[in-house]
Amino acid sequence: MTHPNDPALRSFIPVDAESDFPIQNLPYGVFSARGLAPRVGVAIGDYVLDLWELEQDGRLAVGQDGPGVFVADTLNPFMALGPKVWAATRSRISELLRHDNGELRDNEALCRRVLVPMKEARLHLPIAVSGYTDFYASKEHASNVGIMFRGKENALQPNWLHMPVGYNGRASTVVVSGTKVRRPRGQLKPPGADLPSFGACRRLDFELEMGAVIGQPSPMGETLTEALAEQMIFGFVLLNDWSARDIQQWEYVPLGPFLAKAFATSISPWVVTSAALEPFRRQGPKQDPAPLPYLQQTQPHNYDIELEVALRAAPMSKPARICRTNFKYMYWSSVQQLLHHASSGCAMNVGDLLGSGTMSGPEKDQRGSLLEISWNGTEPVELASGITRTFLEDGDSLVMRGWCQGNGYRVGFGEVEGTIVPA
Ligand code: MN
């Protein structure tokens, strides 16, 4: 049988070479359409494949523990079934969508039931987020921020090269692409002010990140191996870790970010599986000094994912690109982040979300936040004639995209969009 990642595979559903969703991808999401309850679907070209209807028709079985997981309004019950079920389901869906398989292709009535045009589908938050953790794993980003606030000599904190630094964020405000983001309020103490005041954030920023979706649990008190950590990662989403820089600057001493990050985190609606990303696996940057044994990797765990950020101010007809970078530059991989996360005995749950940390590449146009792009507000970026930005303004719409470029096809993530509304 042909492997679901085979570049030669074609679907009977026409898929443009520029589409994010060819048969080699098959990302999972939760959608509703035709007035029916939310259910699990897979994106294929301009359609959503309804897995619940396929299961009802007896075309898709997920084993004894599984019936009904596709009628859920999150991917969590399906993810909980584990890697063997994930692999079998992916193979079966790939088989059903193949151009040379008549089983679904030639059954018009079934096609009408299970293939929903994407533009008629409403996409929901794909996972019930159990816990949300945000890392700080790009060396270029950590160095840029360090240089800005501490100078070149002390750019990286002494711990940075020894562990993936992170903090526990809020799961309650993780939202799906398209959700409007209200400008946060908080305590502000601008330089020169004697006392803090409470008001609307003036230095609102985005952070370009990938989110690793944890699909298997690990019990409290248990540590992980590299192989186990890898198997626990179900897939990835694009993630915008909205940040209130002025609130953060005043509140973060000494326990780290709190409300400056807790007002919103946006993710893309389709979870691209680790299985689909397999052909795009790459060796990450050389780690020097060598990590402690519990963080050492025998396999490459980075991915070649092209990333783009565009910003559209309200008067602009189309967005302007402000960043183009790649996930492959990440210093600490998602596997290392998960290994570190569990290393103290911290339990991990199905539906945990690990933000990679802002992804900046080595070049100036590869910076993944406005803090870096505008160098802390000192170098405004021009979006269009007469329109510049240092930080986000009300009405601004921020769009992130990501894709792996194959030969003649791309395994894409779609987009994560958010528009700022006034405080
Ligand atoms: Mn972040």
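Donors are N, O and S atoms within 2.8 Å of the metal. The legends below describe a predicted model.

**View 1. Four protein donors at the manganese ion.** The manganese ion has as its protein donors Asp-134 (OD), Glu-207 (OE), Glu-209 (OE) and Asp-241 (OD), which lie 2.1 to 2.2 Å from it. Along the chain, these donors follow the spacing D-x72-E-x1-E-x31-D. Asp-134 belongs to strand β6 (residues 132-135) and Glu-209 to strand β13 (residues 208-214), so this pair ties together parts that are 75 residues apart in sequence. Both Asp-134 and Glu-209 are buried.

**View 2. The ring pair of Tyr-28 and Phe-234.** A pair of aromatic rings is described by the distance of the centres and the angle of the planes. For Tyr-28 and Phe-234 the centres are 5.7 Å apart and the planes are at 45°, so the pair is tilted. Tyr-28 is in strand β1 (residues 28-32) and Phe-234 in strand β14 (residues 233-240), 206 residues apart, and the pair links these distant parts of the chain. Tyr-28 is buried, with a relative accessible area of 3%; for Phe-234, also buried, the value is 2%.

**View 3. The ring pair of Trp-86 and Phe-234.** Here the ring centres of Trp-86 and Phe-234 are 4.9 Å apart and the planes are at 80°, so the pair is edge-to-face. Trp-86 and Phe-234 are both buried.

**View 4. A cluster of aromatic rings.** Tyr-28, Phe-70, Phe-78, Trp-86 and Phe-234 are linked into a cluster by ring pairs.

How values were computed
Residues numbered from 1 in each chain as written. Predicted model: local features only at pLDDT ≥ 70, side-chain atom pairs only at ≥ 80, totals over all residues. Heavy atoms only, no water. Donors = N, O, S within 2.8 Å, 3.2 Å for Na, K, Ca; no water. Helix = DSSP H or I, 4+ residues; strand = E, 2+ residues; numbered from the N terminus. Buried < 20%, exposed > 50% of the residue type's maximum accessible area, 1.4 Å probe, protein only. Phe/Tyr/Trp six-rings, centres within 6.5 Å; stacked < 30°, edge-to-face > 60°.
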